[in-house]
Amino acid sequence: MSTLPWRHPDRVAALEAALRERILILDGGMGTMLQGHQLDEAGFRGDRFADGCDSQHTHAHDHPGACDLKGNNDLLTLTKPDIIRGVHEAYLEAGADLVETNTFNSTRISQADYHLEHLAYELNREGAKLARAACDAYTAKNPSKPRFAIGILGPTSRTASLSPDVNDPGFRNVTFEELVDNYTEAGSGLLDGGADLIMVETIFDTLNAKAALFALSELFRSRGSRVPVMISGTITDRSGRTLSGQTAEAFYYSVKHIRPLSVGLNCALGAADLRPHVQTLANTAECYISSHPNAGLPNAFGEYDETPAQMAAVIGGFARDGLLNMVGGCCGTTPAHIKAIAEAVSKYAPRALSVEKKEAA
């Protein structure tokens, strides 16, 4: 895959130049921002799904009226695109260099919960278009600070390594091939919508991630060009391991064959608890390092209490100690968090790559 030409060589060159100069800023939580709009069922359905079905789709399997669509944040890409564009712009205004598409659950597997499997490609394509348009608008305002759209591939709602049935450890409710098919369709939409990069993120099962990375490799090969790939795992608790049992170091060695632009960690933990694992990656990886932690751990009500100042103080320590190339926020973070983080890391140089690491990356 690494021998293929870049799909957008000028954008890749601009990204690599920016990475050499400073720590780049990722955006923050999408769900956190959408919850603030307090949309009801009608708000999620919009005009297209108001009558209990997809008015633009007539196949027999199309029956979204059988379940609520409230909570399907990815659907808002189609029913409330102005809100999604507004979230992107809020983070860009706060200083983000890279914004993530609203496509975390835009696979057939995840959309099956809402009987909207047929939307998978469209959700990814339109999600990428919205992020691309916002980035282009802000780049036009300040050409010296180019902005980049990251196409997001989430982990899906299934795991290829673990059984969902405690009484049958050998059982699996998804195959590697099914995951590859899902990621191929989603990745196609992200590329067609104009994503500059693709991030496989919130990885709790490395086998799922391997399916995504294989799908991307084949997709790039079929198209004859590629975009940079970011990889971000999630340490699920203070054991320091992913759900499928890997330490941060083992996780990196499991995915380094793809020669990613970056590897990192996001979600599950706040910045303070995530730090030792980010440091492990920084000491090990031959590529750039990213991190976008939660705003602390959730409280008894599932809300996040860590203030922008508190989170920025911790992440400033990451930057001071040379651990970061890209940083942002995940659950519970807002544009205020991203603005504070951007200010905290601006005084520090990005993590340096050795000559050997640059060649490997």
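**Close-up 1. Helix α11 in the predicted model.** Helix α11 covers residues 271-284, which makes 14 residues. From its first C-alpha to its last it reaches 19 Å, close to the 20 Å expected at 1.5 Å a residue. A kink of about 30° is centred on H277. H277 is also one of the buried residues of α11, together with A271, L274, V278, L281, A282 and T284. In an α-helix there are 3.6 residues a turn, so residues three or four places apart point the same way.

**Close-up 2. The loop that holds G322.** G322 is found between α12 (308-320) and β8 (326-327), in the loop that joins them. With a relative accessibility of 30%, G322 is partly exposed. G322 and N283 are 39 residues apart in sequence, and their C-alpha atoms are 10.0 Å apart in space.

**Close-up 3. The aromatic pair F176 and F214.** A pair of aromatic rings is described by the distance of the centres and the angle of the planes. Two aromatic pairs turn up in a search of the whole structure. One of them is made by F176 and F214, whose ring centres are 6.3 Å apart and whose planes are at 50°, a tilted arrangement. F176 belongs to helix α8 (residues 176-193) and F214 to helix α9 (residues 206-223), so the pair ties together parts that are 38 residues apart in sequence.

**Close-up 4. Charged side chains over aromatic rings.** The charged end of K141 sits over the ring of Y138, and the distance to the ring centre is 4.2 Å. R226 lies over the face of W6, 3.7 Å from the centre of the ring.

**Close-up 5. The largest cavity and its lining.** Rolling a probe the size of a water molecule over the atoms shows where empty space is left. One cavity of 30 Å³ or more is found in a search of the whole structure. The largest cavity holds about 30 Å³ of space. Its lining consists of L153, G154, P155, Y183, V200, E201, I203, F204, D205, N208 and A209. The elements that give two or more residues to this lining are β4 (197-203) and α9. With three residues, β4 gives the most.

**Close-up 6. The largest pocket.** The volume of the largest pocket is about 750 Å³. The pocket is lined by 35 residues, and M30, G31, T32, N73 and C331 lie nearest its centre. Two or more lining residues come from each of α2 (30-35), α6 (108-111) and β4. The largest share, five residues, is given by α2.

**Close-up 7. Positive phi at H115 and T202.** Most residues other than glycine have a negative phi. H115 has a positive phi, near 60°. H115 lies in the loop between α6 and α7 (120-141), and its relative accessibility of 23% makes it partly exposed. T202 also has a positive phi, near 50°. T202 is part of strand β4, and T202 is buried, with a relative accessible area of 9%.

How values were computed:
Residues are numbered from 1 along each chain as its sequence is written. This is a predicted model: local features need pLDDT of at least 70, side-chain atom pairs count only at pLDDT 80 or more; totals for chains, interfaces and linings use all residues. Side-chain values use heavy atoms; hydrogens and water are left out. Helices (H or I, at least four residues) and strands (E, at least two) are DSSP runs, numbered from the N terminus. The expected span of a helix is 1.5 Å times one less than its number of residues. The bend at a residue is the angle between axes fitted to the seven residues ending there and the seven starting there. Buried means under 20% relative accessible area, exposed over 50%, partly exposed in between (1.4 Å probe, protein chains only). Rings of Phe, Tyr and Trp (its six-membered ring) pair if their centres lie within 6.5 Å; planes under 30 degrees apart count as stacked, over 60 as edge-to-face and the rest as tilted. A charge sits over a ring if NZ of Lys or CZ of Arg is within 6 Å of the ring centre and within 35 degrees of the ring normal. On a 1 Å grid over the protein atoms alone, a cavity is a set of points where a 1.4 Å probe fits but cannot get out, and a pocket is an open set with protein on both sides within 12 Å along at least five of seven lines; lining residues have an atom within 4 Å of a point. Grid points are joined across faces, edges and corners, and a volume is the space filled by probe spheres set on the points.
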